[in-house]
Amino acid sequence: MFERYFKIILDSFSGYYHYLVSEISNPSWGNYFYWLLALSFLVLALEIILPCRRGQKIFRKGFWLDAFYVFFNFFLFSLIGYNAISNVGVELFNDFLGLFGIENIIAFEVQSFPAWLQLLIMFVISDFIQWNVHIQLHKQPWLWKFHKVHHSVQEMGFAAQFRFHFMETIFYKSAQYIPLAMIGFGIEQFIVVHMFALFVGHLNHANLSWDYGFLGYIFNNPKMHIWHHAKALPEKHPYGMNFGLTLSLWDYLFKTAYIPKEGKDIELGFDGVENYPQDFLAQTKAPFKRGKI
């Protein structure tokens with residue numbers, strides 16, 4: 001049995017490496033790598049043309065750190081181990097179900113639905129799960145230690161979306177796996193959903209001031225998300241507010257929305273952010289250290 005798991009690990013390393021090489025060397029419409037680059041340059045151009053905070057530099061404080069997080073969280077981390085760990089985790093979970101004579105956990109089959117409806121269902125369920133996980137990242141002290149990495153951003157720009165501790169990938173993906181598997185989805189399906197969420201996330205963190213009008217009650221937006229990063233929290237929201245990743249709908253439905261005024265000049269971060277580590281290795285190790293960081 002252990003040999004089977006070990007083979008999965010080796011195949012995962014090899015498979016992801018060849019996938020990464022293929023992504024970079026073979027541009028196509030379904031290529032994640034080049035979509036990431038294209039959307040990043042597009043939003044950077046919008047920041048240059050239509051900046052909200054005009055005194056902020058294009059290559060703001062923390063820009064190059066965030067650029068490295070892009071490379072690490074979306075490519076290197078998967079190559080180093082996440083892809084292998086997740087594949088073994090899925091196999092272990094299926095083996096556990098097998099002990100009870102259960103071959104799969106699909107409770108609601110969606111493959112017969114039109115493609116657009118499958119995409120919509122996956123998008124809404126995935127975003128709602130992430131909204132709930134995000135709240136726990138703020139409420140639970142041990143989870144907040146990891147999430148503080150993201151909130152160490154003191155000047156907002158599109159690449160700030162990528163500054164997050166690698167453990168957050170594990171938290172989010174683990175929470176998503178079972179609900180999506182139960183309706184017949186795999187986590188990595190549908191590049192359209194991923195690219196749309198990536199684009200909205202870019203815009204949310206960008207040096208922009210859009211709110212999309214009435215659509216702002218459905219989709220998260222820069223004017224709303226800046227308040228999520230506010231250093232000073234209101235009494236009614238001691239753990240934070242505006243937790244939506246792509247959709248703002250959940251925040252309005254469950255009373256966690258908060259946009260008191262134009263927030264382009266508010267201070268960002270958290271109490272003590274000026275003393276928080278400002279390099280990748282130190283930020284990666286910080287949540288594992290004892291004591292207050």
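This report describes a helix contact, a nonpolar core and aromatic pairs in a predicted model.

## Basis of the model

Residues are numbered from 1 along each chain as its sequence is written.

## Helices α4 and α5

Helix α4 covers residues 115-139 and helix α5 residues 141-151; helices are DSSP runs (H or I, at least four residues), numbered from the N terminus. Their axes come within 6 Å and cross at roughly 100°; the axes are lines fitted to C-alpha atoms over the stretch in contact, with angles from 0 to 180 degrees between N-to-C directions. That makes α4 roughly perpendicular to α5 (65 to 115 degrees).

In contact (heavy atoms within 4.5 Å), residues of α4 including His134 and Leu137 meet residues of α5 including Trp144 and His147.

## The nonpolar core

The largest nonpolar core has 20 residues. Such a core is a set of buried Ala, Val, Leu, Ile, Met, Phe, Trp, Tyr and Cys residues joined through side-chain atoms within 4.5 Å; buried means under 20% relative accessible area, exposed over 50%, and partly exposed in between (1.4 Å probe, protein chains only). Helix α3 gives the most to this core, with six residues.

## Aromatic pairs

Phe128 and Trp131 have ring centres 6.0 Å apart and planes at 15°, so the pair is stacked (centres within 6.5 Å and planes under 30 degrees apart, using the six-membered ring of Trp). Trp131 is buried, at 5%, whereas Phe128 is partly exposed, at 30%.

Methods
Predicted model: local features only at pLDDT ≥ 70, side-chain atom pairs only at ≥ 80, totals over all residues. Heavy atoms only, no water. Helix = DSSP H or I, 4+ residues; strand = E, 2+ residues; numbered from the N terminus. Parallel < 35°, antiparallel > 145°, perpendicular 65-115°, else oblique. Phe/Tyr/Trp six-rings, centres within 6.5 Å; stacked < 30°, edge-to-face > 60°.
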